[in-house]
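Hi,

Here's the structure I promised to pass on.

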Amino acid sequence: MKPIIFSLPGNEALAESITAGIKGEKGDFEMRQFPDGETYVRVLSDLKEKNIFIVCTLHQPDAKLLPLLFLCNLLRELNAKSICLVAPYLAYMRQDKRFNPGEAVTSQYFAKLLSSLTDRLITIDPHLHRRVSMKEIYSISCEVLHAAELISDWIKNNIPDAILIGPDSESEQWVSEVAKNAGVPFMVLQKIRHGDRDVEVSVPQVEKYKNYTPVLVDDIISTARTMIETVMHLKNAGMKPPVCIGVHAVFAGNAFEELKKSGIKKIITCNTIPHSSNGIDITALICKSINANQLELK
Ligand code: R5P
């Protein structure tokens, strides 16, 4: 039986290519706002005994949660066999610790809520830093996919003289992997975050790589302060304008414009979040994982 794919608003392009890639069927449903801002949902597809995939990337998650909750509840009532959330970007992974007394560890609450709505989750490079595994907070089955290989391929095809640069120790995991696959050198800098928008990046040893094209790779570009600080630093050290690669184009406020103005050569992101900087397509990665799992789901 063909799986059915629902796309929450804003995810249509990715949902369409996933539907084609897994030979699924587009979910027939209506989701809109009432004049008072409340959400209306109606599903017309026959869901009985069908495996359902909901495509909903979770940047700016707060507004997406209620529509997602309503849809998941409705799908269950309509006898869906299973519900899998495809959230290429998973929010609330960075507040993974009580940094100050009385703070909410929202990654835990968010995980608990999503785990109560769906049976499984497919995501790409979730920000696992202090947590080693999704199992620590998610009680559903989670497939964690990695964009590293796609990024390596992009670098191999586009930047032959690359030196990969990770802006902080947290980035080492993917920077080292990307560098290895691309067959280029890498270095990881030290970052101190003084506040939401106040980030200091340590002096890197750049002398050796002055004739290379620096390629900054990070999982999330949010305020872009981490990237901008690093760009400034490389500039002061006399390196070439860098190429900035982010898996997730969160770009809070005018972060994208600020990064563009900071003296970079190019910004490239994966399409885990729709954005004009998207240049690396993750559709095949997701379809491969779904197709492998469909055998299990039958
Ligand atoms: C943090 O540890 C992440 O890997 C990114 O470096 C961080 O989220 C980037 O945030 P921003 O763009 O706000 O500096």
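Helices α2 and α3 run roughly parallel to each other, because their axes cross at roughly 25° and angles under 35 degrees count as roughly parallel. Bear in mind that this is a predicted model. In case the description is new to you: two packed helices are described by the angle between their axes and the distance between the axes. For this pair, the axes come within 9 Å. You'll find α2 at residues 62–77 and α3 at residues 106–117.

Which residues make the contact? From α2 there are Leu65, Leu68, Leu69, Cys72, Asn73 and Arg76, and from α3 there are Phe110, Leu113, Leu114 and Leu117. Sorted by type, the contact has 8 nonpolar residues, 1 polar and 1 charged.

Now for the ligand. There are 15 residues around it, and the ones that come nearest are Arg94, Glu170, Asp218, Thr223 and Thr226. Zoom in on Asp218: an N or O atom in its side chain sits 2.5 Å from an oxygen atom of the ligand. With the side chain of Thr223, the distance from a ligand oxygen to an N or O atom is 2.6 Å. Ala224 takes part through its backbone, where a polar atom is 2.8 Å from an oxygen of the ligand.

Cheers

Methods
Residues are numbered from 1 along each chain as its sequence is written. This is a predicted model: local features need pLDDT of at least 70, side-chain atom pairs count only at pLDDT 80 or more; totals for chains, interfaces and linings use all residues. Side-chain values use heavy atoms; hydrogens and water are left out. Axes are lines fitted to C-alpha atoms, for helices over the stretch in contact, and angles run from 0 to 180 degrees between N-to-C directions. Helices (H or I, at least four residues) and strands (E, at least two) are DSSP runs, numbered from the N terminus. Angles under 35 degrees count as roughly parallel, over 145 as roughly antiparallel, 65 to 115 as roughly perpendicular and the rest as oblique. Contact means heavy atoms within 4.5 Å. Ala, Val, Leu, Ile, Met, Phe, Trp, Tyr, Cys and Pro count as nonpolar, Asp, Glu, Lys and Arg as charged, and the others, Gly among them, as polar. A residue is near a molecule or strand if one of its heavy atoms lies within 4 Å of it. A polar contact is a pair of N or O atoms within 3.5 Å; within protein, one must be able to donate a hydrogen and the other to accept it, and residues adjacent in sequence count only if both atoms are side-chain atoms.
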